[in-house]
Structure formats: C-alpha cells, structure tokens
Amino acid sequence: MKVAYCIDTLWQSGGTERVVTTKVNWLAAQQGVEVWVLTVEDGRGPFFELDGRVKRRVLPVREGDAKGYQREISRFALEVKPDVMVAVAGMAVSALPRLRDGSFKVLEFHYTRNYLVNFVKGLHHIRFRQLHLLKMRWLQWRLARTARKYDLFVGLTRRDMGIWGNPKNMTFVYNPLSFRSARKSTCKSKRIIAVGSWTPAKGMDQLLEAFGPLASKYPDWKVDLYGSGQDEGLLKEIIAKYDMDAQVTLHAPCANIGEKLVESSIYAFPSRSDGFGLVITEAMECGLPTVAMDCECGPREIVTPTTGIVVPDKDVAAFRTALERLMTDEELRRTMGDAAAREVERFYPDNIMPQWIKLFEDNLKKL
C-alpha cells in the first residue's frame, strides 16, 4: 500500500508537524507500506526528524502557488500511483479533490471546526471584529463544502465530530503520542510548564493572569513557557503587571521538549481553542498532572479526574484555583502524575496507528 501525506511545509515546530512526522515514521516501519511526504519548496528542512525509510518529494512550487501545486501534485499522482492520498494542511486541501487518479482521498483535519472564528474572538485588539467574524464563518462554510468532496474526512475528537454535524464521510482518530520517555517527573520541583504558540488561541495570557495573583504568595514557584508568536509583547506586559520577571521565563521552541517536561511538576493547558492537545499526552508520558481549560475540543477526552483537573472554558479564576491546589499538594501531584504515565498508553502509536491502517484497508476494498 502506497500512502502520500501532503502538507505545505514541515519546518515549523507545531503540533501538526510533530504528529505528521510521528505517523509517517510509524507507517514507514510497517511491512508492505510505502509512505511519502509531499511538501513545497521552502528552503528549510523538517523540524522533526524523518525516518530514513520515508520517501520525501519537494514539489517545485512555492507556498501560495495553487495553480503550480495542482500541476505538480497531478504529476506526482500519475508517476507514483499512490493508493491513498492524505491532505493535512495547505494547498493540498483544495487540490486533492480535483485529482482523478483513482486514489482514495483523505482529509486529515488538525483543528476544531470553529478554529478560525475562535481565533478572531480571541484577538485582544482588532478593528471591525464582526466583519472579520463574517469572513471566518464564510471560510468555515467553504471548508465544510470541500470536506464533503473527500472519500474520508478524519477529525481528532468525538466532540469535534458533533460540532461538524456528524457528516456521513467523517470519523475521528486521536493523535498518536510523539515520543516515549524513560524518565518521569518526580513532581517535586516547584515548576509549571506550558508549550505552544504565543497566540490568542493557545491562551498563554490566561495562564499568566491565573498565576499572577499566586506569584507573590508562592515566590519559589516558577513558570516556563516554550513557544513564540504574536502575543509575546502581551505576555511581557502581564509579567511586568504582576512583577513576575524572576518567576516567569519565555523560552524559544524546543525540539526535545521531553527533557523540560520531566523537570517540571504541573502541565498547564490554557487554550481558548485547540484541535486535540497533543502536548497534554506528552506531559502525561513524562508523568505530569495537567490543569486544562475545557476548550474546543481535546482536553476533556484526554484528561481524566485521576490525571488532572479540567476547568470551565475561559474561567481564569477556576484555573488559578486548580493550579494552587496542585501547587500546595505534592502528594496529589505525584498521584496524578503516576496515573497520567499509566493512562497515556492509549495514545501510543502502536495503539493509534493500526486504526489508520484499518481505515485505509477497509476503504480501499470498496474502491
């Protein structure tokens, strides 16, 4: 079986790039599977390491050249004759349904249905917000029309399927955990960690607003944020507002984030919107309890009462209370962290990826 994953670039350090890399590396190790990754020219290599058995094709087009992309992906399909073609993100989403090559077409969607609307709602300063929301709703409507053209549309959570209206061609598969960690956190260090882009959707400002009133009360506790993005200035303003320079540190993205997780004791997930919450499973693998906002769409399906605390969406006060509860109870942190390290097994690639193999094989039989 030949499977081709189509994504514009792999140089970024985001969850989508990490998940795609995890999936294709696992598939490449399976007998009878030939896996390709198609990207466009961006002058940079993948952020996460690809298995040497993964076949990579860099299409001779630039980002945004939809016409050139359609031409080159058609050439690839005719040359390689993949059995399955998977659109992950970028120009492939609209290009694949136009191909008439006989392959089984899959749209793999890594965001919640409402991610564009949620993004605009989360912007702190924006003119003509309602007009932007109208545009985002139109784009979501157009995406829904495109999704119906695929043989199979795969989301990340059961909750998101319901938000999409449970289309007939839709199912969901959780993201596979991207790494294993022999080391686990002792949950003794007084350190909170959060990983993700510094954008309104990821809500790092909510985390800092929650921690702010606790900072002077617990001066020996630290917060480490790993990422980058447009909200860096806002985060620095909140740090200054609560005089937390000595307790809160902003770090660049880290490829080997597991090392940072095991040195921490609490994972904070303050997102306003998310497709899944891959980093929660990474934190669980490292033995961390999680405090999470109940945003669309993943945390409620990942975090259980034994592995962390999920608070109402956008409830900063409840988030603060949950953080303080774990900060002041080392035994609870350790107990939840131990449970997290056990329960995360359901997200291991060997438990998730066979679901993909079955989806591919079952549907290819119908062609």
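Let me start with helix α10, residues 278-285, which is mostly covered: 8 of its 8 residues are buried. Those residues are Leu278, Val279, Ile280, Thr281, Glu282, Ala283, Met284 and Glu285. Two glutamates, Glu282 and Glu285, are among the buried residues. Keep in mind that this is a predicted model.

Where does α10 lie? It lies across β8 (191-195), β11 and β12, running at about 175 degrees to β11. Just after the helix, glycine 287 has a positive phi of about 80 degrees.

Now the sheet under that helix. It is an open sheet of 6 strands, in the order β10-β9-β8-β11-β12-β13, and the pairing is parallel. The strands at the edges are β10 (248-251) and β13 (308-311); each has a single partner strand, so one side of each is left without a neighbour in the sheet. On average, neighbouring strands here are turned by 20 degrees against each other, direction ignored. Helix α8, residues 232-241, also packs on this sheet, where it touches β9 (222-226) and β10. The direction of α8 makes about 165 degrees with that of β10.

As background, strands of a sheet pair through backbone hydrogen bonds, either parallel or antiparallel.

Next, the other sheet. Here 7 strands form an open sheet, again with parallel pairing, in the order β3-β2-β1-β4-β5-β6-β7. Its edge strands are β3 (55-59) and β7 (170-172), and each of them pairs on one side only. From one strand to the next, the twist averages 25 degrees.

On one side, 5 bridges join β1 (residues 2-7) to β2 (residues 34-40), and the two run parallel. There, lysine 2 stands opposite glutamate 34, and alanine 4 stands opposite tryptophan 36. β1 is also joined to β4 by 5 bridges, again running parallel; in this pair cysteine 6 stands opposite alanine 87.

Helix α1, residues 15-28, lies across β1, β2, β4 (84-89) and β5 (104-108), at about 165 degrees to β1. Together, β1, α1 and β2 make a right-handed β-α-β unit.

On to the interior. In soluble globular proteins, nonpolar side chains tend to be buried together. In this model the largest nonpolar core has 89 residues, and those with the most contacts inside it are Tyr5, Tyr69, Ile73, Met85, Val106 and Leu261. What does isoleucine 73 touch? Leaving out residues up to four places away in sequence, its contacts are Cys6, Leu38, Leu59, Met85, Leu96 and Leu99. A second, separate core has 32 residues, including Ile192, Tyr218, Met327 and Met336.

Last, the cysteines. How many disulfides are there? The count comes to 0. Cysteine 286 is in no disulfide, and the nearest cysteine sulfur, that of cysteine 187, is 11 Å away. Cysteine 286 is also buried, with a relative accessible area of 0%.

Notes: Residues numbered from 1 in each chain as written. Predicted model: local features only at pLDDT ≥ 70, side-chain atom pairs only at ≥ 80, totals over all residues. Heavy atoms only, no water. Pairing = 2+ DSSP bridges. Helix = DSSP H or I, 4+ residues; strand = E, 2+ residues; numbered from the N terminus. Axes fitted to C-alpha atoms, helices over the stretch in contact; angles between N-to-C directions. Contact = heavy atoms within 4.5 Å. Disulfide = S-S within 2.5 Å. Buried < 20%, exposed > 50% of the residue type's maximum accessible area, 1.4 Å probe, protein only. Core = buried A, V, L, I, M, F, W, Y, C linked by side-chain atoms within 4.5 Å. Right-handed = clockwise from strand over helix to strand, strands pointing away.
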